[in-house]
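Let me put the structure up and then walk you through the aromatic side of things.

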Amino acid sequence: MATGPGGVLYDCDMTEKRQGVGWISDKIGIVITNTAKVVVSDAVILQFYQRPLEGRLSRNNDRKLVVRWRLKNIVNGANQTTTAFDYTATITKATNRITVYANPDGYPNRFSGRGTCVLKTAN
């Protein structure tokens, strides 16, 4: 896939969510630069960090894009603390469908959501 000088943006709307709705944002933006740097932004990241967060590119081939990111030292509204909250986003390139899983360290919960992304070229 050709990219612009700045890379590509996956502008994703999460329309199906299960358990812990607040941990999966309605809107997620994932930028992959031409140097393979990953930047992720959503409402959860902005709530805790006030700025987009650098992610890690786990896989990027013709079929699939997998991006991971970690939120550290998170305290929720019930005053529960976790040292890390691990997120994994998988985008199927043929359909632009996204699946996101969020796992808090030290808890059995696994939050998930699905949606679709619009691919945009960053300049």
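So, how many aromatic pairs does a search of the whole structure find? The search turns up 6 aromatic pairs, and keep in mind that this is a predicted model.

Let me start with W23 and F111. That pair is stacked, with 6.5 Å centre to centre and 25° between the planes. W23 sits in the loop between β1 (7-18) and β2 (27-32) while F111 is in strand β8 (residues 111-122), so the pair ties together parts 88 residues apart in sequence. Both W23 and F111 are buried.

F111 has another partner, F85. Their ring centres are 5.9 Å apart and the planes are at 20°, so this pair counts as stacked too. F85 belongs to strand β6 (residues 81-92) and F111 to strand β8, so here the parts tied together are 26 residues apart in sequence. And is F85 buried or exposed? Buried, because its relative accessibility is 2%, and the cut-off is under 20%. For F111 the value is 6%.

Zooming out a bit, ring pairs link W23, F48, W69, F85, Y87 and F111 into a cluster.

Now the chain overall. We have 1 helix and 8 strands, in the order β-β-β-α-β-β-β-β-β from the N terminus. The radius of gyration is 14 Å, which agrees with the value near 14 Å for a compact globule of 123 residues. Of those 123 residues, 36% count as buried.

Methods: Residues numbered from 1 in each chain as written. Predicted model: local features only at pLDDT ≥ 70, side-chain atom pairs only at ≥ 80, totals over all residues. Heavy atoms only, no water. Helix = DSSP H or I, 4+ residues; strand = E, 2+ residues; numbered from the N terminus. Rg over C-alpha atoms; globule rule 2.2 N^0.38 Å. Buried < 20%, exposed > 50% of the residue type's maximum accessible area, 1.4 Å probe, protein only. Phe/Tyr/Trp six-rings, centres within 6.5 Å; stacked < 30°, edge-to-face > 60°.
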